[in-house]
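Look at the sequence and the model together.

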Amino acid sequence: AILKCLESLAAQTYNNFEIIVGYPDKSEFVQEIIIQAQTKFPRCKYLSMDASRSLGETYYYLVDFAAVEYVLQLSPEHIPLSDTVEKFVTAALTAQADAVVSPQVTLGEDGTKINLIDGCLLKLLEFNYNQDISALYSL
């Protein structure tokens, strides 16, 4: 899944961004995929992560490593459309938002959807207690 995600990111209509791939350092299978990714996508940065870190610690480490104004976190199973990054950046700049998410995102364990169109970081954090959602964050 990570190779498909990277292929999609490499084909984005907006290209003023860097890709940082964090991966667990203990899996031989993951190591093989990362070697393939490094060969195919050499402009990406690859960081071996301590598998014992929590998800929050991992995100904090990656965000701290990034030298950018915004961060868009994607899990490898999320394959963005070719204009996803452009739409997120345009929405963030237009709204001067701290966070931008899709207008409707499935958040509840029961599959309920909630609108998060105001770009409010507090609302995003309040409703994202049980899972990840893809969102562009201002640093």
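Is Ser8 buried or exposed? Ser8 is buried, because its relative accessible area is 12%, and the cut-off for buried is under 20%. Keep in mind that this is a predicted model.

**The chain as a whole**

The protein chain holds five helices and seven strands. From the N terminus on, the order is α-β-α-β-α-β-α-β-β-β-α-β. The chain has 139 residues, and 34% of them count as buried. Now take the contacts between residues at least 6 apart in sequence: 61% of these join residues at least 24 apart.

**Helix α1 and its buried side**

Ser8 sits in helix α1. This helix spans residues 2–10, and its buried residues are Ile2, Cys5, Leu6, Ser8 and Leu9. They lie on the same side of α1, because they cover an arc of only 160° around the axis. An α-helix has 3.6 residues a turn, so residues three or four places apart point the same way.

What covers these buried residues? Several elements do, including β1, α2, β2 and α4. The table gives their residue ranges.

| Element covering α1 | Residues |
|---|---|
| β1 | residues 20–24 |
| α2 | residues 28–40 |
| β2 | residues 45–49 |
| α4 | residues 84–95 |

Ser8 has contacts of its own. Leaving aside neighbours within four places in sequence, Ser8 touches Ile79, Pro80 and Leu81.

**How α1 meets α2**

The axes of α1 and α2 come within 10 Å and cross at roughly 20°. This angle makes α1 roughly parallel to α2, since angles under 35 degrees count as such. The crossing is right-handed. On the α1 side, the residues in contact are Ile2, Leu3, Leu6 and Glu7. On the α2 side, they are Ile33, Ile34, Gln36, Ala37 and Lys40. Sorted by class, this contact has six nonpolar, one polar and two charged residues.

Phe41 lies in the loop between α2 and β2. Is Phe41 buried or exposed? Phe41 counts as buried, because its relative accessibility is 9% and the cut-off is under 20%. Which residues does Phe41 contact, leaving aside neighbours within four places in sequence? They are Leu3, Leu6, Glu7, Ala10 and Tyr46. Take Ala10 as one of them. Phe41 and Ala10 are 31 residues apart in sequence, yet their C-alpha atoms are 8.0 Å apart in space.

Key. Residues numbered from 1 in each chain as written. Predicted model: local features only at pLDDT ≥ 70, side-chain atom pairs only at ≥ 80, totals over all residues. Heavy atoms only, no water. Buried < 20%, exposed > 50% of the residue type's maximum accessible area, 1.4 Å probe, protein only. Helix = DSSP H or I, 4+ residues; strand = E, 2+ residues; numbered from the N terminus. Arc of directions from axis to C-beta. Contact = heavy atoms within 4.5 Å. Axes fitted to C-alpha atoms, helices over the stretch in contact; angles between N-to-C directions. Parallel < 35°, antiparallel > 145°, perpendicular 65-115°, else oblique. Left-handed = near helix turned anticlockwise from the far one by under 90°. Nonpolar A, V, L, I, M, F, W, Y, C, P; charged D, E, K, R; others polar.
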